[in-house]
Amino acid sequence: MDCTLNKGKHPPKRGIIQMLQHLETLKMRMNEIDYLKLSSIPNPKVHQFIAEAAELCNPDKIFISSDSPEDINYIRNQAIATGEETPLATPGHTYHFDGPEDQGRDREVTKYLVPKWDSLNKNLNQIDRDEGLAEIKNLLKNSMKGRTMIVLFLSLGPIDSIFSIPCMECTDSWYVAHSAYLLYRPAFKIFQRKETRNLSLFKVLHSAGELNEKMVSVNTDKKRIYIDYIEDTIYSVNTQYAGNSLGFKKLALRLAIRKADREGWLAEHMMLTGVCGPNKRKTYFAGAFPSACGKTSTAMIPGNTILGDDIAYLRNINGVCRAVNAEAGIFGIIKDINPIDDPLIWEAITTPGEVIFSNVLVKDGKPYWLGMGCELPKDGINYSGYWYEGKVDEKGEPISPSNKNARYTISLKALKNCDPELDNPMGVELGGIIYGCRDARAYVPVQQSFNWSHGVIAYGASLETETTFALVEEEGKYEINLMSIQDFVSIPLGKYIRNHLEFGRKLKKCPIIFGVNYFLRDKATGEFVTSKLDKRVWIKWMELRVHNDVDAIKSPTGFLPKYEDLQKLFSEVLNKKYTIEEYIKQFTIRVQENLAKINRVEKFYRENAPEAPQELFEELEKQRKRLIKAREEFGDYISPENLT
């Protein structure tokens, strides 16, 4: 055979042939403009995913968003035209309702798809991969018939960064697509580059399923959110709540954790904030807090800057811990946001601009929510339909005017205190890491770890909290919540802890780890021992400690602030007199409660993480011995004055 005609040429690649085949099958569902947009992307995986999604879900049309102002505006307008969102009186503001049974992340129906040859921790919700794929594909079958499938191309992390992860979502919800553009960085142009032809990516397929006349998902009993970590794909059906339908929130975090595990970095459920110190100094902190435990309000403290409120990626860059926000917006809990406690968020969500309110009360074109600092209307519309004071649900339970987990969605750049380093591809250097718990019984409001290992284990791995309304289940139960990320850890818990310990050991300069607890209660009265505003003082103290500007008291559980330093900070930051009585009540070490906590933590890891590193148990034992020794000298309740 004479091959001279092919000399210097490459035979057609199988991927390109398949890509052309997929394009041909998709052509009938797209207009010429959308066809050209998709044709400009050279990655065969993209075409395959869209083709398979279209064949399964059977949409009438496919809309490819190129991130152009025209395309983004079209998505906004369609969200309103379809009734998924409704305009409010303030220009740019809209509201969206999810169904009564779709008001939060649903643990029970969120599962990992686990192949027969693999296994995950027994405490993770999971299903056989073959069985799960068959189930959810059956639920997705023809789910988009009569609708448009919207295809989005986005980036987790800044564009053109070592941190960034390209991702795409196919959805039939204009509300979900609109939310995605507020929360993530557009990346269509990245997907068009030739060098991204074989790029690995995260993929999401979502359908709201059957909708009623209110454009609310009906079949919530068939709600499913499945994570296929083998193919880095998320499937979501019969739900609209953004935590379930926006695959790049906590769902993609599960995939990012596995990617980070393979590549030696950390994907974390953390806020990022720039804390202003003396002489115009700025120190960056990351902070992990369970939902509704003060994470966003800590990130939004006046005088500081916000870099992120939910998900951070941490890397070792030349021996320095640097971090980026995986997102570019906020899907935040609106409960208790008021002009006194949260002036910057309040200003952003009450002035003209692009904001989506979800599951609030609406009356006369204005949104209302719990804890907003004014009297709420006696009637209006909310997720239950027409609402009036005294309305009850099918179980006879009172229906709140606004759901406790009602949300607002807004771009970070709409906030006056948005940090200018938000899109820095190299991220920011972390000076400190904060682990915040919801602990009424034991931990003091703020303390500093003795070292990286102690902080990771005593504050991070030992984080214990009450469950809250952000989850669809009983409130008020105490549980270990490893680094506020336990629901999302898709690798063995012990391996996850070991990764953190190893990450710190490889740094030339470790961030200082702190523990905070805004929810400690007085043993006698049951009242909180701190106010909502006190966190503004705690974070200023932490900033000073990072730079060794103030001394601290060594206690059995960590370094504590000195009274004179807090007295000065309360005066400077809050213009408030801070008494020695308040200080003692807040920073007394409760020995029995701390020992009981250690026992619970140790028991949890022995039962749920047989692969946990020995260092975890050694650190817990050191803390136990310090507490017992201190009790022998000072008793069960140790005033910080006794430790000076």
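Trainee: Is Ile638 buried or exposed?
Mentor: Ile638 is buried, because its relative accessible area is 0%. Buried means under 20% relative accessible area, exposed over 50%, and partly exposed in between, with a 1.4 Å probe and protein chains only. Bear in mind that this is a predicted model: local features need pLDDT of at least 70, side-chain atom pairs count only at pLDDT 80 or more, and totals for chains, interfaces and linings use all residues. Residues are numbered from 1 along each chain as its sequence is written, and side-chain values use heavy atoms, with hydrogens and water left out.

Trainee: Where does Ile638 sit, and what does Ile638 touch?
Mentor: Ile638 is in strand S33, residues 637–638. Helices (H or I, at least four residues) and strands (E, at least two) are DSSP runs, numbered from the N terminus. Leaving out residues up to four places away in sequence, Ile638 touches Phe587, Thr588, Ile589, Val591, Ala630, Arg631 and Leu643. Contact means heavy atoms within 4.5 Å.

Trainee: What about confidence? What is the mean pLDDT?
Mentor: The mean is 92, and 96% of the residues reach 70 or more. pLDDT is the predictor's confidence in each residue, from 0 to 100. Over residues 1–12 the pLDDT is below 50, and that stretch has 1 contact beyond near neighbours in sequence. Residues 468–476 also stay under 50. For that stretch the model has 29 contacts beyond four places in sequence.

Trainee: Switching to the inside. Which residues touch the most other members of the largest nonpolar core?
Mentor: Tyr313, Leu314, Ile349, Trp538, Met542, Leu566 and Tyr605, out of 168 residues. A nonpolar core is a set of buried Ala, Val, Leu, Ile, Met, Phe, Trp, Tyr and Cys residues joined through side-chain atoms within 4.5 Å. Helix H6 (residues 174–183) gives the most to this core, with 8 residues. A second, separate core has 36 residues, including Ile62 and Phe153.

Trainee: What is Trp538 in contact with?
Mentor: Beyond four places in sequence, its partners include Pro445, Tyr518, Leu566, Phe570 and Phe587.

Trainee: Now a lysine. Is Lys37 buried or exposed?
Mentor: Lys37 is buried, because its relative accessible area is 12%. Lys37 lies in helix H2, residues 32–39. Among the residues Lys37 touches, beyond four places in sequence, are Phe63, Asp71 and Phe188.

Trainee: Last one. Why does Ile381 count as partly exposed?
Mentor: Because its relative accessibility is 31%. Ile381 is in strand S22, residues 379–382.
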